[in-house]
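Here are a few notes from going through the model you sent. Have the structure open while you read them.

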Amino acid sequence: MAAHEHDHALDNEDPPNPYASATRWRHQESSSFARAAVARDPHDSSGHSRELSDFFNKNRVEGDRPPTNGTGNYQPIVVGNTDGVHEGVVADDGKEVVCGPLLNYRRMEETTWHGSVLIVTKGGGKVQTFQPILRFARVDESAVNGDANGSNPVQSNHGTDVPGICLYSDPRNTFWQFPLVCDIASHETKWAYSIVGVRYKSETKPRTNYFFVPAAEESMRIMFHSCNGFSVGTDEEAWSGPALWNDVLRSHARAPFHVMIGGGDQIYNDGIRVKGPLREWTDIGNPKKRRDFPFPESLRAACDDYYLNNYIRWYSTEPFAAANGQIPQLNIWDDHDIIDGFGSYVNEFMKCDVFRGIGGTAHKYYMLFQHHLAPPASTYTSDVPGTAKHGGEHDAKQLEDTYVRQQAFDSSYIIGSRPGPYVAEHSMNMFSKLGARIAFMGIDARTERTRHQVNYPETYDLIFNRVRDELGAAASTGQPFRHLILLLGIPIAYPRLTWLENVFSSPLIAPVKFLNRRFGFGGGVFNHFDGSVDLLDDLDDHYTARTHKKERNALVKRLQTLCSEFSIRLTILGGDVHLAALGRFYSNPNLHIPVENDHRYIVNVVSSAIVNKPPPAAIANLLASRNKIHHLDADTDETLMALFDKDPGNSSKTRSSNNVTMPSRNYAILTENSPNNHPAHTSGYTEPENFNPADSKFDGKNGHSFLSHGEFGAGTKHKAANPETHGKGNDGGLDVCIRVEIDQHDKEGKTEPYGLSIPTLDYQAGKYGSNVHSHHHLHRSRPGTSGAASTIPASSIPSMPGSVPSVPEVPQSDH
């Protein structure tokens, strides 16, 4: 890994706590306890915890520890109800876990894996009377390696103690973080952890959790999701709740995920304006009065309670909660993690006290729950104007009987150089290694967002400089990254809706807006914040929006340069739109560049939503009809690919001509076809006939056709869609599978898989030409590339799709 400036490691010694009392513990029940507690500050991560943990465990009477097999069913024998399962214990003794454990992945450094676990306990304040201990170790599976019958149980010895680090504590709750450091072995390893001395609010919560770390020479198996919650007013029972997480856990049981990437909207906090403390403010009819409304301490505290309780509720909801404790997470946030449309309303409204206030409060709990990091000491309130500035005045009221750990970021973060315009915090972008040959970068596209920008130019510079350093360092060791995963909250290769933007922002809509303000006419059409058409904030969020087009195109070209410089294949993950789709950029067909050599070939996996309801089929069909071939520049085209050869199960969700957008809940799986794999064992899987066409079949094809062997036959019959063959090849490519819900009424969340493969990049500088210096005339759609025939009929699969009819269009460039 590239050298960095001094990292602020999460387990460094803390500065003295200015709010600590004269004694470290409120209650010293006995002299023996006092001796055990000497020099043990729960705010301090240094020091050895064995003596204190021995004291806690002294009254525990255990029989011989039986071997476990991953079920976590073993329960110790306890004297005095100290395991917390039984009734009669003190309610606010700091031992009741109200949320968690939540497992995060951070980074890999040489032969070590770094992550963390978070729990939230009931009660707290400046000083904690109890410090939990996490005990973890690698599970020894050697006993079963040679046992085909599996009669020898898996052995587990939880021997390493990790004392909890207090990130934040007030009289309501305390947040404990446990940093994990695991050795990376020559084979995939299974690890077990449990937290001793606590009791769980849920009786069914497993007392032991397990996770997996890939082998040193292998890349991670990746699960990707977005839009993990319900919009306000959705009938959650009609959609069987978060049912698809059952399918995630089934997939995890077949082939364990090493990381779970959240692409934004991990939680929906929009209810704050309907059933929460912002209801009164939202109901103010006059936009000016709404903008001028203050955000005093009373409203800040009420909003703080709402975000805290909503996080605890949602992150404790099964089966999502079960996945949280087993699959390490990497997350970026989006608008619903704050409130719908945050950042994309008009500037005058976004700068109002209330939006500044909820932006700061949402960021506080985003830091704690999703990143396991300490929040700022206080958040914005109009009672203390100095809190509007990053690092400005602290609000003494918020710090009453409250401990906040000093903020620190490890080397996995790329911190923006200046605060966002509406959230007085710096953007938190990420770089991590996802195993041997996959690199990851995540762009925080919400903190710096306005209606006219996604990120500051200097933030892009910071990100690309860091990624370039990392890729260069890996290449210099002779072990280069072959794939780069870019996480964006919103798709970047997606159909244009410029015509709809024009309608919603047209002067013709002004009389209707006036009637809405005065008489409530068309109330469902206009949002309750700035009075704009309700869908306009969603359209303005898109990279393909008119206001973001220049920034988007510059980003894509910069990514192309990165790919050519390091011969690395880029794949983009995006969510937000509540549809499954597969967009891609690729070189102009007249350049005749095979995908395997094409640095412009970039796939945008669009997977959304895992929980929220999809849009009506009519919207999906409309988007499909707008799926034209657009031209980023003279050398780069883009369009959606025909991934959906059929609707899931026996359903008829879309019209027969729509093979590019799927209005069903979904999530995605990405797995490298490791060069270390032996030839795939098919277990009865037979590749369909004609699934291995000649290379010449792809030459000169446009994006309404399959462009490579990896795309050919994409859909339910592709080898990447079959669990028996997914990721089992050895060509180094990336298998992508989008698993789509079959029936919204099925609480088991069964899915239909759709797959394709993304090849590695073998960039050959100077071998292929360019149109940049030619007189090639750009059109929005060349003859034969219009949206009217932009999909591939299911009957043509697996046969190679032919060219589409010529449909002339009005010339219009896309830059």
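**Notes on a hairpin and the cavities**

1. Let's start with a hairpin: β21 and β22 form one, with two residues between them. Bear in mind throughout that this is a predicted model. The two strands, β21 at residues 630–633 and β22 at residues 636–640, run antiparallel and pair over three bridges. If you want a spot to look at, take H630, whose bridge partner in β22 is E638.

2. How many cavities of 30 Å³ or more does the structure hold? There are five of them.

3. To find the largest cavity, select R356, G360, S378, T379, Y380, T387, A388, Y422, V423, A424 and E425, which line it. By class, that lining splits into five nonpolar, four polar and two charged residues.

4. The second largest cavity is lined by N104, Y105, R106, Q329, L330, N331, Q370, H371, S412, Y413, M430 and S432. Its lining counts seven polar residues, four nonpolar and one charged.

Definitions and conventions: Residues are numbered from 1 along each chain as its sequence is written. This is a predicted model: local features need pLDDT of at least 70, side-chain atom pairs count only at pLDDT 80 or more; totals for chains, interfaces and linings use all residues. Side-chain values use heavy atoms; hydrogens and water are left out. On a 1 Å grid over the protein atoms alone, a cavity is a set of points where a 1.4 Å probe fits but cannot get out, and a pocket is an open set with protein on both sides within 12 Å along at least five of seven lines; lining residues have an atom within 4 Å of a point. Grid points are joined across faces, edges and corners, and a volume is the space filled by probe spheres set on the points. Ala, Val, Leu, Ile, Met, Phe, Trp, Tyr, Cys and Pro count as nonpolar, Asp, Glu, Lys and Arg as charged, and the others, Gly among them, as polar. Two strands pair if DSSP finds at least two bridges between them. Helices (H or I, at least four residues) and strands (E, at least two) are DSSP runs, numbered from the N terminus.
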